Amino acid sequence: MRNHRIPPLTILVALVAAAVLAITVTEVATASVTPAAQTASATSTTSTSASTTTASAVPAASARAPITCPSGGPYNVRSYGATGNGSTNDTGAINRAIDAASAAGGGVVRFPAGTYRSANSIHMKSNITIQLDSGSTILGSPNDDYDPPEPNPNDEYQDYGHSHFHNAMIWGDRLSNLCFTGSGTIDGGGHLITGNPDSGEADKIISLTRCEGLDVSGITLRRGGHFAMLTNACNDISSDRLRIDTASDRDGWNVINAQNVTITNADISADDDALAFKSDWALGRTYDNGHVTVTDSRLSAECCNALMFGSETCGDFTDYRFERITINGSNKSGLGMVSMDGTTISDVHYKDISMTDVRGAIMQKVGTRRRCGDNPGVGRIQNITYENVTSSGQSSTNFTATLWGESGANNRIRDVTFTNVDLTVPGGNGCMGTGVPSNDPNNYNPVSIGTRPAYGWYIHNAHDIRFVDSSVQFVSNDCRPAVIANTGGGVSFERFTAERGSNSPFDMGFQSITGYCVANSSNTGGGALRTSATGGSTQACGPAPGNRFEAENATISQGVVESNHAGFTGSGFVNYTNVTGSYVEFTVNAAQAGNVPLTFRFANGTTVNRPMDITVNGVLASDELAFPGTGAWPNWTTTSMTVPLNAGANTIRATATTANGGPNLDHLALPG
């Protein structure tokens, strides 16, 4: 979303809006509409005062079979006077054909091959199929004779384009059973406005509000102005093989205040947001949003976000599935999700997503803008999964993948899982401090947060965040750590791989994190990840306590138990004496004989490897197992190996092999 000019007409519209405040949303709803639309609008009645914005709870939209497009007729627009010659204004004939089909109870309004210039707004009605035959185009006009924008007393809660719906090539309100089918095109022709339009100018191709049952399949929308398609408070939407090419203009499709949506095989190229799910206050109330599936689609956004939640986020969102989606180009977020206006976003699942040339692969943010008419609080994001997601070929000025919650206990990001998520970033940054970057809580854009002090992932005010079988690496060396998590708890990395910058202070940073874990993970060279734990961060991972053997409780030769470096488990750790031969010996029990992985948790605040021989029951199992530097003594990490154990009791000894002694040893862990 970008800022554009505000024309003098805006002042006039505001004056008109003030004059008609006595006309309430409820009164408008009593205008002549189809019985089906009256029934639908009866469930969404707002209060009768423009200054009172409470609304009854929105019932969940009932699931239903895909819409059956009206099939009566057909009503050929040429039979009603359309020429299709590309120069004559055919709008009157098109509207006459729609009126005739509507009067007959509905039907197909057919556009044979030809170019139908439309210099005025086309008025949709219920039970209409717009059928665009191969070779047919509805073309926009520079004549500036489109319907004027209707006044809206809720202008202040979202931008102008989201607030007005009649200034479009095609619009309809409180309708049902609508279809756009065929293989033809609706083309704004470069005449639609990308900013705030003056009277007579249109800024949308298709604008539909408060509709039930919509199918848009097979057609192409081109050069859409601000929006190729905007739907607000429309439910039961299906779309297959829709193509939108509005990269020279702005947004592709904004799906606002919607439930029960299925989109398949879409191909959307936009300049601004390609496919965005939003919930604004343009209709004077909140709506619940959800039960949405998007699959097998291609998206790109030259300026902004490819697949986005927000920024308008008044109503709650739940139950979204995005699968098998390719994103090629996005100058903000490839997969963006923001809660700026009090919404809860939950139960959203991404799977099999491939991204190239995106500036920010993944972005989640909770903000405090609260730009809705019901005085909302601060929202939250929870229960989100990403599976089989890749991102590469990013811009050299990329945004680190970010999870940014707010400080309130109920306003953090919670329960997010990344499985097989692999990010390749450009890197190339120099060294910088690891403190919390600046943030504008009223701005949803990735740039609203200052340069992240980690190149791969930055996590702030988040709980129960899990990475499994995932990785991050860079193209050019980066001095920042791979990951920093600041404030929160339950942040874990299992089989995580991160590339190490040659001068980075550590790989994984945990700042005021209660219960972090880095297990069975390594850098891209196979070495241990260097972990920094500060601000009282505590480690909690690996086996249950019964399968974790604290070094301070083992047999110690030439070493002391200490607790002066934060982040250890148990009551302390063993500081080896700096001599060859110092050791810690554990006694562990195995239920049965077999090969068992052992995991040593340690810290080495020097830059020198402190190798140790590992013996099992007196037999050398690993000759000089590496315990490399971790950057600082509070930076805990793990190293693992597999050894044969006997059934019953076993002794495992870790013996220093150099005069530097061993590392600080926290515990030995077995699976379980």
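Select residues 583-590, strand β40, together with residues 648-656, strand β45: these two strands run antiparallel and are joined by eight bridges. Strands here are DSSP runs of E of at least two residues, and helices are DSSP runs of H or I of at least four residues, both numbered from the N terminus. Two strands count as paired if DSSP finds at least two bridges between them. Within this pair, select N589; its bridge partner in β45 is A649. The model is a predicted one, in which local features need pLDDT of at least 70 and side-chain atom pairs count only at pLDDT 80 or more, while totals for chains, interfaces and linings use all residues. Residues are numbered from 1 along each chain as its sequence is written, and side-chain values use heavy atoms, with hydrogens and water left out.

Now widen the selection to the whole sheet. Five strands form an open sheet with antiparallel pairing, in the order β37-β40-β45-β42-β43. At its edges lie β37 (555-557) and β43 (619-625), each of which pairs on one side only. From one strand to the next, the twist averages 20° (axes are lines fitted to C-alpha atoms, and angles run from 0 to 180 degrees between N-to-C directions).

The next stop is strand β17, residues 251-256. Six of its six residues are buried, so the strand is largely enclosed by the rest of the structure. Buried means under 20% relative accessible area, with a 1.4 Å probe and protein chains only.

Move to D203, in the loop between β10 (185-187) and β11 (204-209). Is this residue buried or exposed? D203 is buried, with a relative accessible area of 0%. Leaving aside residues up to four places away in sequence, D203 touches G161, N167, I193, G195, P197, G224, G225, H226 and F227 (contact means heavy atoms within 4.5 Å).

Finally, select helix α4, residues 91-103. Its buried residues are T91, A93, I94, N95, A97, I98 and A101. Among the elements covering them are β2 (85-89), β3 (107-111) and β6 (128-132). After α4 comes G105, with a positive phi near 95°.

Key: Buried means under 20% relative accessible area, exposed over 50%, partly exposed in between (1.4 Å probe, protein chains only).
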